[in-house]
Amino acid sequence: MSSNNNDINNNQNLNVNIERNNNNQPNNPNNNYYRNLNNNNVQNQKQKISINFIILLIINLSVYYYGTYNTIEISNTSLCLWPILYENQYYRFITHFFIHFGLFHLLLELLISFYLFLNIEKFFGSVLVFFYINISLIFISILYVIIMLSTKYISKIIKYKENFDFMYECGMTPMLLSCFTFYFLFSKKKKKNINIMSIIEIKGNVAPWFILFILYFFTPNTSFCGNLSGIITAYIIYNYLGVIVLPKVNWIQEIEKSLKINKILIIYSNLLNRDEEFYQNLDELEKLCKQNFNKNLNNGIQMSEIRNE
């Protein structure tokens with residue numbers, strides 16, 4: 001219970017800081033939108049399950065099962081320049097997000113998405129996160145094609161021998177990185193220093209770029225251009241297109257009320273909290289039993305010593 005109260009207090013302090021920062025910035029539609037969004041009261045610090053994670057879990061497991069059963073190859077569904085530009089396979093703009101290199105790749109991304117969406121839905125609410133995921137999918141795909149085309153023509157100028165037409169990208173990592181970056185920008189954590197694994201301390205505004213290069217150098221088969229597209233998408237939506245592409249705040253409120261998402265999550269979270277309280281009470285009861293047992297044991301030992309004397 002104390003941890004939940006601390007989370008709520010920290011979140012309230014964060015909201016105050018966002019409000020001050022927005023008031024100090026020039027008046028523009030994006031700042032007004034984020035100010036209204038901040039006052040939307042969709043936050044639920046007790047939430048312990050993500051609606052968007054459940055949706056992605058069902059879609060990804062279904063696609064993986066269907067692809068395995070029907071032997072669908074990555075090369076036929078991933079994001080690749082040649083099939084899009086010359087064969088008009090535009091379905092790749094969407095399908096590549098749900099295709100993975102294998103079961104380990106799928107499970108790893110689902111694990112990351114579970115923790116990521118749980119935290120950002122506590123802050124933004126489920127509806128806005130759902131809209132952002134779908135919008136970012138399109139932006140990331142378009143940006144990836146633009147970046148790959150630019151890289152292709154630059155490589156011709158500098159005479160770098162590499163075939164960029166058949167390089168492909170698949171998986172949810174660009175979208176996850178985009179959601180993380182957007183949350184980072186909105187929450188103003190970019191102004192704070194972050195301690196990573198108690199080893200390095202970096203500035204908050206460097207964190208997404210730090211993750212980008214860590215993924216590139218330490219994970220095999222990682223698409224640098226795909227992950228870069230995810231970060232750039234977050235910056236574009238946050239700084240320029242948020243008020244245009246994201247739903248209006250009153251729409252978010254109406255959708256959440258009609259779907260009763262918050263009520264369902266609150267009920268579920270309260271059930272989990274009751275379970276936690278039940279186990280806490282069991283722990284306290286166990287401690288009391290041990291203390292009473294030790295006292296009775298000591299009293300018995302003292303009584304036996306007195307009788308022996």
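1. Line of departure. Phe217 is found in helix α9. With a relative accessibility of 59%, Phe217 counts as exposed, because the cut-off for that class is over 50%. Please keep in mind throughout that the model is predicted.

2. Surface around Phe217. A nonpolar surface patch of about 570 Å² is formed by Phe213, Ile214, Tyr216, Phe217 and Phe218.

3. Overall composition. The chain holds twelve helices and four strands. Of its 309 residues, 39% are buried. Among contacts between residues at least 6 apart in sequence, 77% join residues at least 24 apart.

4. Packing of α8 against α10. How do the axes of helix α8 and α10 cross? Helix α8 comprises residues 173–186, and its axis comes within 8 Å of that of α10, the two crossing at roughly 35°. The crossing of α8 past α10 is right-handed. On the α8 side, the contact is made by Thr173, Pro174, Leu177, Ser178, Thr181, Phe182, Leu185 and Phe186. On the α10 side, the contributing residues are Gly226, Asn227, Gly230, Ile231, Thr233, Ala234, Tyr235, Ile237 and Tyr238.

5. Thr233 lies in helix α10. Is Thr233 buried or exposed? Its relative accessible area is 0%, so Thr233 is buried. Leaving out residues up to four places away in sequence, Thr233 touches Tyr132, Ser136, Phe139, Ile140, Leu143 and Ser178. Ser178 is also among the α8 residues that make the contact with α10. From C-alpha to C-alpha, Thr233 and Thr181 are 9.1 Å apart in space, although 52 residues apart in sequence.

6. Thr173 in this contact. The place of Thr173 is in helix α8. Neighbours within four places in sequence aside, Thr173 is in contact with Glu109, Leu215 and Asn227. Asn227 is one of the α10 residues in the contact between the helices. Thr173 and Thr222 are separated by 49 residues in sequence and by 9.0 Å in space, C-alpha to C-alpha.

7. Where is Ser223 found? Ser223 is in the loop between α9 (207–218) and α10 (224–245). Ser223 counts as buried because its relative accessibility is 16%, and the limit for buried is under 20%. Apart from neighbours within four places in sequence, Ser223 is in contact with Tyr144 and Glu169.

8. Asn205 lies in the loop between β4 (200–203) and α9. At 37% relative accessibility, Asn205 counts as partly exposed. Asn205 and Phe184 are 21 residues apart in sequence, and their C-alpha atoms are 8.1 Å apart in space.

9. A backbone detail. Asn88 lies in the loop between α4 (81–86) and α5 (92–95). The phi angle of Asn88 is near 55°, which is a positive value in a residue other than glycine.

Conventions. Residues are numbered from 1 along each chain as its sequence is written. This is a predicted model: local features need pLDDT of at least 70, side-chain atom pairs count only at pLDDT 80 or more; totals for chains, interfaces and linings use all residues. Side-chain values use heavy atoms; hydrogens and water are left out. Buried means under 20% relative accessible area, exposed over 50%, partly exposed in between (1.4 Å probe, protein chains only). Contact means heavy atoms within 4.5 Å. Patches are made of residues with over 30% relative accessible area and no salt bridge: like charges are joined within 9 Å, nonpolar side chains (Val, Leu, Ile, Met, Phe, Trp, Tyr) within 5 Å. Accessible areas come from the Shrake-Rupley method with a 1.4 Å probe; for residues, only the protein chains shown count as cover. A salt bridge is a side-chain nitrogen of Lys or Arg within 4 Å of a carboxyl oxygen of Asp or Glu. Axes are lines fitted to C-alpha atoms, for helices over the stretch in contact, and angles run from 0 to 180 degrees between N-to-C directions. A crossing is left-handed if the near helix is turned anticlockwise from the far one by less than a right angle, and right-handed if clockwise.
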